[in-house]
Amino acid sequence: MNPLAIIFIVFLFIIFFASFFLVKQQTAAIIERFGRFSSIRQSGLQLKIPLVDKVAGRVSLKIQQLDVIIETKTLDDVFVKLKVSVQYMVIKNKVYDAFYKLDYPHDQITSFVFDVVRAEVPKMKLDDVFVKKDDIAIAVKRELQEYMSDYGFDIIKTLVTDIDPDAQVKAAMNRINAADREKTAAQFEGDAQRILIVERAKAEAESKRLQGQGIADQRREIARGLEESVEVLNKVGINSQEASALIVVTQHYDTLQSIGQETNSNLILLPNSPQAGSQMLNDMVASFTASNQIGEAMKNAKPKKLKE
């Protein structure tokens, strides 16, 4: 075969294969003819004129994200770093504007984010920046949507994903938070102690009341028992004075017996001679006799005063 024919056939194969190209899904290809915009090709197998048309570039139609870190100052003179994440995509029917109007869309978006954030954050105090971060994100989205739509970009969402104050400021905020929590804990502990003291006082008061009631009941029962003992002794011919003396002497010896049975009791000194019981009984009888004499004298004195 003629070498020229072989070269021609190879050239035809090259031209044939150069006429086809692939465009991936969610991608648009920009076709230029002799350096001038010709068409936009969507995904799939596409055809172009070899040596005349060329693929000038490809534009992704997927949602993309750009993270921008901005350092600015708040209203209370605190320097803070904000991380703003911008989610955007190229509008499908504005691929021409997105490709030809902006050389570096990331740089333009970053500039707009810087401009909006540095206009909004200096109006807020540091605490408000944390609370109103959604307002900052909305303001960034609103400004970006207004300007970037002219260049073929749609701003899907903007997020303030991080707020990082100066290290000393964060340490001071942590100390304030810790001090506030310690104050709250101290207040709760104080309330608990106060409640404990009040309840303890109530319990002690109730204990004293019940103790007093028990003592009163005890004395009441003792008096009732003495009364019954005197009645029993009166029935066998022992008068009240002798019965009282007998009960006192009996209680005296019962007390001595009780003390003797207790091995761990402290030393108590009581008159316990053989004559102690009889002496106690004689003293009581003498006191009863004296009281009876005084009573008789007073009764005799009353009729004399009436006669006079």
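**Exercise 1. The nonpolar patch**

Task: Find which residues make the nonpolar surface patch, and which element gives the largest share.

Solution. 
Step 1. Start with the rule. A patch takes residues with over 30% relative accessible area and no salt bridge; nonpolar side chains (Val, Leu, Ile, Met, Phe, Trp, Tyr) are joined within 5 Å, and like charges within 9 Å. Accessible areas come from the Shrake-Rupley method with a 1.4 Å probe, and for residues only the protein chains shown count as cover.
Step 2. List the members. They are F8, I9, F11, L12, F13, F16, F17, F20, L22, L45, L47 and L51. Together they make a patch of about 1,300 Å².
Step 3. Sort by element. Helix 1 (3-18), strand 1 (20-23) and strand 4 (44-47) each give two or more residues. Helices (H or I, at least four residues) and strands (E, at least two) are DSSP runs, numbered from the N terminus.
Step 4. Pick the main contributor. Helix 1 gives the largest share, 7 residues.
Step 5. Check one member. F8 sits in helix 1. Its relative accessible area is 49%, so F8 is partly exposed. The classes are buried (under 20% relative accessible area), exposed (over 50%) and partly exposed (in between), with a 1.4 Å probe and protein chains only.

A note on the source: this is a predicted model, where local features need pLDDT of at least 70, side-chain atom pairs count only at pLDDT 80 or more, and totals for chains, interfaces and linings use all residues. Residues are numbered from 1 along each chain as its sequence is written, and side-chain values use heavy atoms, with hydrogens and water left out.

**Exercise 2. The largest pocket**

Task: Describe the lining of the largest pocket by position, element and class.

Solution. 
Step 1. Know the term. On a 1 Å grid over the protein atoms alone, a pocket is an open set of points with protein on both sides within 12 Å along at least five of seven lines; lining residues have an atom within 4 Å of a point.
Step 2. State the volume. The largest pocket holds about 190 Å³ of space. Grid points are joined across faces, edges and corners, and the volume is the space filled by probe spheres set on the points.
Step 3. Find the centre. The lining has 14 residues, and V59, V90, A98, P105 and F153 are the closest to the pocket's centre.
Step 4. Name the elements. At least two lining residues come from each of strand 5 (53-60), strand 7 (79-90), helix 2 (95-100) and helix 3 (105-120). Strand 5 gives the most, with 4 residues.
Step 5. Count by class. The lining has 8 nonpolar, 4 polar and 2 charged residues. Ala, Val, Leu, Ile, Met, Phe, Trp, Tyr, Cys and Pro count as nonpolar, Asp, Glu, Lys and Arg as charged, and the others, Gly among them, as polar.

**Exercise 3. Salt bridges**

Task: How many salt bridges does a search of the whole structure find? Then work through R33 with D53, and R209 with E206.

Solution. 
Step 1. Recall the idea. Side chains of opposite charge can pair when their charged atoms come close.
Step 2. Apply the cut-off. A salt bridge is a side-chain nitrogen of Lys or Arg within 4 Å of a carboxyl oxygen of Asp or Glu. The search finds 6.
Step 3. Take R33 and D53. Their closest N and O atoms are 2.6 Å apart. R33 is in strand 2 (residues 27-33) and D53 in strand 5, so the bridge ties together parts 20 residues apart in sequence.
Step 4. Compare the partners. R33 is partly exposed at 36%, whereas D53 is buried at 4%.
Step 5. Take R209 and E206. The N to O distance is 2.5 Å. Both residues lie in helix 6 (residues 167-235), 3 residues apart, about one turn of the helix. R209 is partly exposed at 45%, and E206 is partly exposed at 35%.

**Exercise 4. Positive phi**

Task: Where do L51 and D77 lie, and are they buried or exposed?

Solution. 
Step 1. Read the angles. L51 is not a glycine, yet its phi is positive, about 65 degrees. D77 is not a glycine either, and its positive phi is about 60 degrees.
Step 2. L51 lies in the loop between strand 4 and strand 5. D77 lies in the loop between strand 6 (64-73) and strand 7.
Step 3. L51 is exposed at 72% relative accessible area. D77 is exposed too, at 56%.
Step 4. Link back. L51 also belongs to the nonpolar patch of Exercise 1.

Terms used:
1 Å grid on protein atoms, 1.4 Å probe; cavity = no way out; pocket = protein on both sides within 12 Å on 5 of 7 lines; lining within 4 Å.
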